[in-house]
Amino acid sequence: MKKLLKIQNLTKIYSMGSIFSRIKITAVEDVSFTVNEPEIFTLAGESGCGKTTTAKIILGFEEQTSGVILYKDEPMNKLRLKDRTKTLREIQAVFQNPFSTFNPLRTVDSYFYETLINLRIVSTKKEAQKEISQKLQAVGLSFEEFTQRYPSEFSGGQLQRLSIARALLTDPSLIIADEPVSMVDASLRMSIVNLFKDLKEKYGVSVIYITHDLTTAYYISDRMAIMFRGNIVEMGPAEEVLTNPKHPYTCLLRESVPEPDPEKEWTTRVYLAESEQEEYLRTGCKFVARCPSAMEKCRKFNPPYFEVNGTDVKCFLYE
Ligand SMILES: Nc1ncnc2c1ncn2[C@@H]1O[C@H](COP(=O)(O)OP(=O)(O)OP(=O)(O)O)[C@@H](O)[C@H]1O
Ligand code: SF4
Ligand SMILES: [Mg+2]
């Protein structure tokens, strides 16, 4: 399989506060992964573990503190402006809230025409209509139900389909979807995430799917990474990670439901005691305070990755 995106040792440290009391927050630490062409790669993990920060850096909305992003073997930060613009067109985003993607005072179709004309993808209205019809069809909507309508005339699920259709206008190779269905009615979630699978299969689009929801991740992902406090702690084929978890954190998530069942909520949320939230370890494994298998060395040393059954696990248990 061809590599589309390669992330190497990505770290993002936010500095906050005044010059007298600087606080540093390590949002992403030493994260490496690849996204093949085409595949659905999921980033999952509890709130604040660094998923969105990783996405923002890939999309060029934030700059990394260190690390390299290679897109089709080219380092993104070394691309000339023209090539960078072209690359960023090939990488599109779909966000959590479809209602904030579209201005309530503008018709939704105006965004589509604007994108096609501004980016010079088409030159006539007829061409634009043809292009839009194709993209709407790809997300299960028709041109007739779309024209001259305002965002309030669509449901959340329809608007999220429209956000995906809009992302398709530039014929992207990669879509980064950050919690795309968490604000959509639970009964519609599966049908929308399945669209990503269709896009991969029919159009060869790769997807980075960011989610708390392990059920949808289980059904659509080829490979996945579980993040914990800025690090990837386990990464491999989605089925292997979710049905045969190895890292104690993934095991804890896995225990939260007996079987992956689309009707049940299965999330990455694990609640911490106040005292654990306070604990910030400078050395050692970040999971030590919650780990039922913690050993003496886990407090002193940062575990590297060990390969087990085709997955990479950041844990001394697999040394
Ligand atoms: N602009 C910022 N300035 C300072 N800290 C930030 C900023 N953006 C994110 N952070 C911090 O970085 C960490 C990672 O945040 P991020 O939004 O990437 O998490 P996430 O995994 O997307 O969480 P969620 O599931 O809640 O969306 C958090 O501790 C967050 O508070
Ligand atoms: S390295 Fe140690 S503390 Fe960390 S997850 Fe593994 S066993 Fe638990
Ligand atoms: Mg987020």
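1. Two strands pair if DSSP finds at least two bridges between them. In this predicted model, strand β9 (residues 223-228) and strand β10 (residues 231-237) are joined by six bridges and run antiparallel. One example: Met224 has Gly236 in β10 as its bridge partner.

2. Where do β9 and β10 belong? They are part of an open sheet of eight strands, ordered β6-β7-β8-β3-β9-β10-β12-β11. Its pairing is mixed. Two strands, β6 (91-94) and β11 (306-308), form the edges, and each pairs on one side only. Ignoring direction, neighbouring strands are turned by 20° against each other on average.

3. Strands of a sheet pair through backbone hydrogen bonds, either parallel or antiparallel.

4. A further open sheet has four strands in the order β2-β1-β4-β5, with antiparallel pairing. Here the edges are β2 (23-37) and β5 (74-75). Strand β1 (residues 2-16) is joined to β2 by 11 bridges. Lys3 stands opposite Asn36 in β2.

5. Now the ligand site. Ligand 2 sits in the largest cavity. The residues around ligand 2 include His247, Ser293, Phe287 and Phe316. Cysteines also surround ligand 2, among them Cys285, Cys291, Cys298 and Cys315. By class, the shell has 10 nonpolar residues, two polar and no charged ones.

Technical notes:
Residues numbered from 1 in each chain as written. Chains lettered and ligands numbered in written order. Predicted model: local features only at pLDDT ≥ 70, side-chain atom pairs only at ≥ 80, totals over all residues. Heavy atoms only, no water. Near = heavy atom within 4 Å. 1 Å grid on protein atoms, 1.4 Å probe; cavity = no way out; pocket = protein on both sides within 12 Å on 5 of 7 lines; lining within 4 Å. Sits in = over half its atoms within 2 Å of the grid points. Nonpolar A, V, L, I, M, F, W, Y, C, P; charged D, E, K, R; others polar. Axes fitted to C-alpha atoms, helices over the stretch in contact; angles between N-to-C directions.
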